[in-house]
Amino acid sequence: MQTLLDHLVIVAPTLDAGDRFVSQRLGVELQPGGCHPSMGTHNKLLRLGAHFYLEVIAINPAAVPADRPRWFGLDGLPDNSAPRLAHWVARVDTLTALSPTLVEIVGQVQPMSRGELRWDITILADGSLPWEGAAPSLIQWGQAVHPATILDDKGCTLQMLDIFHPAPERINHLLSALSFSGPVRLNRCDSIETSRLVACIETPSGLRNL
């Protein structure tokens with residue numbers, strides 16, 4: 001299984017809040033995305049390269065409530081929480097025959113859609129983030145053209161995703177098992193409470209962090 005970095009996920013209480021967070025940090029505007037009917041969520045997007053993008057995702061107040069826990073831990077997100085870079089998603093060639101150990105970490109494969117886009121993605125049954133967001137969800141796109149290629153180029157390019165976690169060796173072992181390749185760097189932090197993701201992005205105004 002070859003695995004590559006696909007996209008970064010910012011969770012926000014509303015899309016407007018997430019939009020303001022990104023525009024203030026990076027100095028660019030997000031592009032409208034769409035709705036995820038089976039999850040009751042919607043998103044906005046920013047291209048970060050030919051095969052990377054940034055997603056801001058929030059619960060869609062106009063959607064029919066989902067019949068299962070929403071992905072990316074959105075059901076547990078307080079209304080007054082600040083938007084944050086909470087997770088990342090890795091792209092694979094196939095999601096068939098995942099090992100039970102891997103399924104326990106990243107979740108079961110679920111079919112998803114947004115407009116004309118179709119994909120399969122791993123989601124934990126309770127909607128939580130794998131290893132508090134440090135371990136990736138896995139995605140397999142259902143079309144040959146990657147969605148990043150159809151997004152507007154705002155002059156932003158991902159340089160590095162830093163993962164801070166108290167047990168980076170666990171993440172390294174997982175990524176090695178997945179044959180992962182991409183601009184991801186693992187760092188040790190003191191505790192799970194201080195674990196976080198930091199994305200270094202080249203923008204028209206210079207290097208910025210999310």
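Modeller: A disulfide here is a pair of cysteine sulfur atoms within 2.5 Å. By that cut-off, the structure holds 0 disulfides. Keep in mind that this is a predicted model, where local features need pLDDT of at least 70 and side-chain atom pairs pLDDT 80 or more, while totals for chains, interfaces and linings use all residues. Residues are numbered from 1 along each chain as its sequence is written, and side-chain values use heavy atoms, with hydrogens and water left out.

Back to the cysteines: for Cys189, the nearest cysteine sulfur is that of Cys200, 19 Å away. Cys200 has Cys156 as its closest partner, but 12 Å between the sulfurs is too far for a bond. Cys189 counts as buried (under 20% relative accessible area, with exposed over 50% and partly exposed in between; 1.4 Å probe, protein chains only), because its value is 10%.

Now the packing. A nonpolar core is a set of buried Ala, Val, Leu, Ile, Met, Phe, Trp, Tyr and Cys residues joined through side-chain atoms within 4.5 Å. The largest one has 43 residues, and Leu161 is among those with the most contacts inside it. Contact means heavy atoms within 4.5 Å, and beyond four places in sequence Leu161 touches residues including Leu8, Trp88 and Pro183. A second, separate core has 22 residues, including Trp71 and Ile139.

Finally, Thr122 is buried too, at 2% relative accessibility. A polar atom of its side chain lies 2.9 Å from the backbone nitrogen of Leu138 and one lies 3.5 Å from the backbone oxygen of Val106.

Technical notes: Polar contact = N/O pair within 3.5 Å; in protein donor to acceptor, adjacent residues only side chain to side chain.
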